[in-house]
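The following paragraphs lead the reader through one protein model, with each term defined where it is needed. Please keep the structure in view while reading.

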Amino acid sequence: MIQNGGNSMTLEMDKYSGSGIGSKNDYLFGRFDMQIKLVSENSAGTVTAYYLSSQGPHHDEIDIEFLGNLSGDPYILSTNLYAHGNGGHEMQYYLWFDPTQDFHTYSIDWNPQRIIILVNNIPIRVMHNRQNIGVAFPTRQPMKLYTTLWNGDSWATRWGQVKIDWSKAPFIASFRNFNANACIPSSSNNCYGFNSGKNKGLNGETKMKLKEIHAKWNVYDYCRDFRRYAHGLPYECRKTNNRKGLQDEDFE
């Protein structure tokens, strides 16, 4: 349901169907803000997603996904990055507030050098362009902005152990005040300079906030998953590689 002249909307899911919406425009670099209020009470098995994605088998994607939980248990905010079709860069967090009681702002700030994920304008994750050490990064494929609400109970809550309670349906997530300060590519504008000079790194205050978030609220980091990568961490996670091409003050 789209309301207020397009400034707010709700997505709904029942046992027959989830729902979603996508932007009319494709974007290449920019900052994308959305205020979201998540499914309340028993949301176990539901996934509310807010993400950028291109199309095709070698697609790029920047993900923010909210994994529902049993009443009283916290949501997990999951972030991921796909570049040229390769994903597996998950980092997950608990939130320091109840995201079902009010709207909060979730942001993706993307330029050719780095991607920052923010919650209420506080950075929780920085992903640097490390193409110089052979790690793919989204710099060439325009992406649309999507929001979706769908059934993820095969994996989302406690690795699929908790299923959706359909007696609580319909499940509703609310969205408002989307803003895209972003470049729409055209034959005369490849967007490569857009946003490249803004917020390239973090200042002292935001670096401290980022460190605090990681210390208190980070619950999964693919670069620390020694069970998943028993035969060796991904290339960019290895200490000898993950600082190459970066200035110390820019490293998270």
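A polar contact is a pair of N or O atoms within 3.5 Å; within protein, one must be able to donate a hydrogen and the other to accept it, and residues adjacent in sequence count only if both atoms are side-chain atoms. The model is predicted, so local features need pLDDT of at least 70 and side-chain atom pairs count only at pLDDT 80 or more, whereas totals for chains, interfaces and linings use all residues. Residues are numbered from 1 along each chain as its sequence is written, and side-chain values use heavy atoms, with hydrogens and water left out.

Confidence comes first. The pLDDT (the predictor's confidence in each residue, from 0 to 100) averages 91 over the chain, and 93% of the residues score at least 70. Over residues 245-252 pLDDT stays under 50, and for this stretch the model has 16 contacts beyond four places in sequence; contact means heavy atoms within 4.5 Å. Where pLDDT is low, the predicted coordinates should not be read in detail.

An unreviewed UniProt entry lists residues 1-175 as "domain: GH16"; such positions are given in the numbering used here, feature names are shortened, and annotations may be inferred rather than shown by experiment. Residues 1-175 are 0% helix and 45% strand, and their end C-alpha atoms lie 10 Å apart. Helices (H or I, at least four residues) and strands (E, at least two) are DSSP runs, numbered from the N terminus.

Within strand β6 lies Glu 61. Glu 61 is buried yet has no salt bridge, and Arg 125, the nearest side chain of opposite charge, is 12 Å away. Here buried means under 20% relative accessible area, exposed over 50%, and partly exposed in between (1.4 Å probe, protein chains only). A salt bridge requires a side-chain nitrogen of Lys or Arg within 4 Å of a carboxyl oxygen of Asp or Glu; Lys and Arg count as positive and Asp and Glu as negative, while His and the chain ends are not counted. The side chain of Glu 61 does make a polar contact of 3.1 Å with that of His 59.

Beyond four places in sequence, the contacts of Glu 61 include Tyr 51, Asn 80 and Met 143. Tyr 51 belongs to strand β5 (residues 46-53) and counts as buried because its relative accessibility is 17%.

Asn 69 sits in the loop between β6 (61-67) and β7 (76-82) and is buried, because its relative accessible area is 11%. Among the residues Asn 69 touches are Glu 41, Pro 74 and Arg 158.
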